[in-house]
Amino acid sequence: MTGVHVIERDDFDALLGALARRSYTIVGPTVRDRAIVYDEISSAGDLPIGWTDEQDGGHYRLRRRDDEALFGYAVGPHSWKQYQLPANVKLWRARVDQDGGLSEVTEPPRESPRLAFLGARSCELHAIGMLDRVLLGGVHPDPADSARTEDVFIIAVQCGQAGGTCFCVSMNTGPVAERGFDLALTEILDGAMHHFVVEVGSERGADVIQEVPHRAAVDVDRNAAQVVHARTASQMGRELDTTDIKGLLYRNFEHPRWDEVAERCLTCGNCTMVCPTCFCTTVEDVTDLEGEHVERHQRWDSCFTIDYSHIHGGAVRHSPRSRYRQWMTHKLASWWDQFGTSGCVGCGRCITWCPVGIDLTEEARAIRDSEERPDAND
Ligand code: SF4
Ligand code: SF4
């Protein structure tokens, strides 16, 4: 079940072929609308060959690399969440009877395609595990989540460069994927040399490799992979001091920094849409124009909408200040109480895709640096 091998770039399509023969639908990175997104792919030609991403607070641009790397970018706006918890799920459809009652209630079938995730980063594997814990580990597990993901074949790709907003090292979630994959690839590009060092993580991973031309890795290959991993770890675009971060945020519900960030925050919810672990949903009932049929849908929602906290008498979190504080405190502090882990994997997407460049690492640092501790001068 273990082993380290080398696959040449020219044989990459043989890997995809071995998955296709096992009836997997392969989902991986591809370029669309000037971003790297996840979609169905059928050959290496669909991958973002020779592209990289430039990321900073509120900034994302694709630009050309000077090589033909297949995975030479960090992460894009999509995450694997869209397969675990799709943005729009039809729960049922029914006929509306003359008396207003419902009949002919039908639920859509739960079967999902057999998926292979190609290109999952270490932080994303952690996010997949966290979301599974949320969706399956509670009192009311979501059976659809397990149907969608229990048979997923995962080909992780170790990051060859960190993005400008990455901080997985601070969150202990990367950059090297250590478990939770069937195969893990490290892309090696050196002059004319272009190949992949492949770590096997499961029996079915070993089975797939047998159908792909490969050779056993030697010390030179392992060392080359380690150089890539170490280089990425040293390039983190952001840093977050997580020392007692739960206590820090719980002590500072009334810190003036929440007012400052609220002046910039548009409460657009972008940060929650791109976050691989945010899981808020709502339920909507929609009728057709004749009023003869009704459908119930589960859709992504966001704690940044005023309706999300609407209960009897109005919204609980009516100000941008309260909504931003809720989001960041949940991510970094109260997730620990709810799920025994941080809610943040340090992927940096919320920083990159915030239209005004709000950066949770900067917000946490500002609160830490200006915290007034009653006992500080005792
Ligand atoms: S909070 Fe931001 S950095 Fe953390 S996992 Fe979500 S999108 Fe990534
Ligand atoms: S922090 Fe940024 S992305 Fe999130 S709701 Fe506010 S403005 Fe939108």
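Select I188 and H195. In this predicted model, I188 stands opposite H195 in β11. Now widen the selection to strand β10, residues 183-190, and strand β11, residues 193-200. The two strands pair in the antiparallel sense. Eight bridges join β10 and β11.

**The eight-stranded sheet**

Which order do its strands take? Read across: β3-β2-β8-β9-β10-β11-β1-β12. The sheet is open, and its pairing is mixed. Colour β3 (35-40) and β12 (215-216), which stand at the edges. Each has a single partner strand, so one side of each is left without a neighbour in the sheet.

What does helix α1 lie across? Select β1 (4-8), β2 (25-32), β8 (115-120) and β9 (153-157): α1 lies across these strands. Against β2, helix α1 runs at about 135°.

**The strand pairs of β14**

Move to strand β14, residues 293-300. Strand β6, residues 88-96, pairs with β14 in the antiparallel sense. Seven bridges connect β6 and β14. Pick A94 and V294 to see one position: A94 stands opposite V294 in β14.

Then select strand β13, residues 281-287. Strand β13 and β14 also pair in the antiparallel sense, over seven bridges. Pick E284 here. Its bridge partner in β14 is H297. Follow the chain through the hairpin of β13 and β14, which has five residues between the strands. Stop at G291, which takes a positive phi near 75°.

**Helix α9**

Select helix α9, residues 257-264. Which of its residues are buried? They are R257, W258 and V261. Look down the axis of α9: these buried residues fall within an arc of 100°, so they line one face of the helix. What covers them? The cover includes α11 (320-339) and α13 (360-370).

**Two domains**

Colour by domain. Domain 1 takes 4-89 + 109-233, and domain 2 takes 245-280 + 301-370. Their C-alpha centres lie 28 Å apart. The contact takes 28 residues from domain 1 and 22 residues from domain 2.

Stay on the side of domain 1 that touches domain 2. Select β5 (59-64), α3 (122-136) and α5 (168-171), each of which supplies at least two residues of that side. Which element gives the largest share? Helix α3 does, with nine residues.

**The whole protein**

Zoom out and show everything. The protein has 13 helices and 16 strands. Its C-alpha atoms fill a box of roughly 70 × 65 × 35 Å along the principal axes. How does the radius of gyration fit a compact globule? With 378 residues, such a globule would have a radius near 21 Å; the protein has 23 Å, which agrees.

Finish by colouring for burial: of the 378 residues, 38% count as buried. Of the contacts with a separation of 6 or more, 71% come from residues 24 or more positions apart.

How values were computed. Residues are numbered from 1 along each chain as its sequence is written. Chains are lettered from A and ligands numbered from 1 in the order in which they are written. This is a predicted model: local features need pLDDT of at least 70, side-chain atom pairs count only at pLDDT 80 or more; totals for chains, interfaces and linings use all residues. Helices (H or I, at least four residues) and strands (E, at least two) are DSSP runs, numbered from the N terminus. The radius of gyration is taken over C-alpha atoms; the globule rule is 2.2 Å times the number of residues to the power 0.38. A residue is buried if 20 or more other C-beta atoms lie within 10 Å of its own, exposed if 12 or fewer, and partly exposed in between; C-beta atoms are placed from the backbone. Two residues are in contact if their C-beta atoms, placed from the backbone, lie within 7 Å. The arc is that of the directions from the helix axis to the C-beta atoms. Two strands pair if DSSP finds at least two bridges between them. Axes are lines fitted to C-alpha atoms, for helices over the stretch in contact, and angles run from 0 to 180 degrees between N-to-C directions. Domain bounds come from an automatic or database domain assignment.
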